[in-house]
Amino acid sequence: MDSENSACGNPNPNPTLGPSKLMLAFRFLRALSLVHRTTPASSRTCRGRRIERAAYASMAYSAGTGRGWSRAVLRRLHHRARRRAVAPRRLSTTAGNRAEALRQLVPGGAGMDYCTLLEETADYIKCLSMQVELMQGIVDSSSSYGP
Amino acid sequence: MSNRRSRVSEEEINRLVSKLQSLLPETRQRGAGRASAAKLLKETCNYIRSLNRDVDDLSDRLSAIMATMDSSSAEAEMVRSLLRS
């Protein structure tokens with residue numbers, strides 16, 4: 001772990017192993033329950049958007065502040081009301097600005113060096129797919145009940 | 001930039017790109033061996049986009065499910081589904 005950090009110039013001293021699924025589930029269910037209590041029953045779309053925000057929020061909180069992508073997600077969530085357009089920091093590394101499309105898909109990707117971007121992408125994908133699995137699981141078991 | 005330093009970075013980048021490949025679902029890995037880095041990055045982007053769409057879609061479905069439940073049974077159902085997985 002240490003050697004890869006120094007090779008990439010990664011400033012994070014404690015690379016995360018990824019959130020445990022249970023922790024993620026706990027946070028997400030708590031957020032879902034809050035959405036359920038506070039959103040009027042009639043506004044399905046509004047509730048859907050809140051649930052989506054809850055999904056990304058619980059992902060990011062579970063990942064903690066040790067990851068660039070999770071910090072970026074939390075910043076975005078907290079500044080949602082202000083909606084400031086922040087120009088991405090342009091890097092002029094010898095590797096160039098590779099992977100522009102990827103930078104736009106990974107939160108905080110615009111300001112990362114290429115090496116860090118690849119690491120962050122891997123972690124982001126792991127967390128995102130875990131979140132999708134979790135949500136799918138809830139939908140699947142809920143669907144097996146009722147009419 | 002010294003040649004030695006760029007060689008180390010190149011290895012590191014290859015390792016990270018391989019790691020990304022291993023995270024892509026089977027259907028996107030397309031065949032044996034290492035695809036080019038550019039292709040892999042493109043597949044990675046497609047995968048992230050499809051995951052984002054999944055979250056969007058599942059959020060909508062959860063919203064519909066919640067609409068049919070009262071507060072206490074919704075939470076109980078979620079805990080039950082969690083314990084089952």
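Is C127(A) buried or exposed? C127(A) is buried, with a relative accessible area of 2%; buried means under 20% relative accessible area, exposed over 50%, and partly exposed in between, computed with a 1.4 Å probe on protein chains only. The model is predicted, so that local features need pLDDT of at least 70 and side-chain atom pairs count only at pLDDT 80 or more, while totals for chains, interfaces and linings use all residues. Residues are numbered from 1 along each chain as its sequence is written, chains are lettered from A and ligands numbered from 1 in the order in which they are written, and side-chain values use heavy atoms, with hydrogens and water left out.

The cysteines may be taken up at once. A disulfide is a covalent bond between the sulfur atoms of two cysteines. Here the term is applied to a pair of cysteine sulfur atoms within 2.5 Å, and a search of the whole structure finds zero disulfides over all chains. For C127(A), the closest cysteine sulfur belongs to C45(B) and lies 18 Å away, which is too far for a bond. C45(B) is likewise in no disulfide, and the cysteine sulfur nearest to it, that of C115(A), is 17 Å away. C45(B) is buried, at a relative accessible area of 5%.

Chain B can be described briefly. Its secondary structure comes to four helices and zero strands, where helices (H or I, at least four residues) and strands (E, at least two) are DSSP runs numbered from the N terminus. Along the sequence, the pattern is α-α-α-α. Of the 85 residues of chain B, 34% count as buried.

The next topic is the interface. The size of an interface is often given as the accessible area lost when the parts come together. Between chain A and chain B the buried area is about 4200 Å², and carbon and sulfur atoms give 72% of this area; buried area is the accessible area (1.4 Å probe) that two parts lose on being put together, summed over both. H36(A), L105(A) and I125(A) supply 15% of the area that chain A buries against chain B, more than any other three residues. Counted by contact, meaning heavy atoms within 4.5 Å, 47 residues of chain A and 43 residues of chain B take part.

Polar contacts also cross this interface. The rule finds seven residue pairs in polar contact between chain A and chain B, both residues being at pLDDT 80 or more. A polar contact is a pair of N or O atoms within 3.5 Å; within protein, one must be able to donate a hydrogen and the other to accept it, and residues adjacent in sequence count only if both atoms are side-chain atoms. On the side of chain A that touches chain B, at least two residues come from each of α1 (2-8), α2 (21-38), α3 (44-63), α5 (100-105) and α6 (114-143) of chain A. The most is given by α6(A), with 20 residues. The residues of this side divide into 28 nonpolar, ten polar and nine charged; Ala, Val, Leu, Ile, Met, Phe, Trp, Tyr, Cys and Pro count as nonpolar, Asp, Glu, Lys and Arg as charged, and the others, Gly among them, as polar.

Charged pairs complete the picture. A salt bridge is a side-chain nitrogen of Lys or Arg within 4 Å of a carboxyl oxygen of Asp or Glu. Two salt bridges are found across the interface of chain A and chain B, and the count over all chains comes to eight. One pair is D60(B) and R44(A), whose side chains meet at 3.0 Å, N to O. This pair joins two chains, because D60(B) lies in helix α3 (residues 37-67) of chain B and R44(A) in helix α3 of chain A. D60(B) is partly exposed at 27% relative accessibility, and R44(A) is partly exposed at 39%.

R49(A), E52(A) and D56(B) are linked in a network of salt bridges. E52(A) lies in helix α3 of chain A and is buried, with a relative accessible area of 17%. Leaving aside its neighbours within four places in sequence, E52(A) is in contact with N52(B), V55(B), D56(B) and S59(B).

Within chain A, R67(A) forms a salt bridge with E120(A), with the closest N and O atoms 3.9 Å apart. R67(A) lies in the loop between α3 and α4 (68-78) and E120(A) in helix α6, so the pair ties together parts that are 53 residues apart in sequence.
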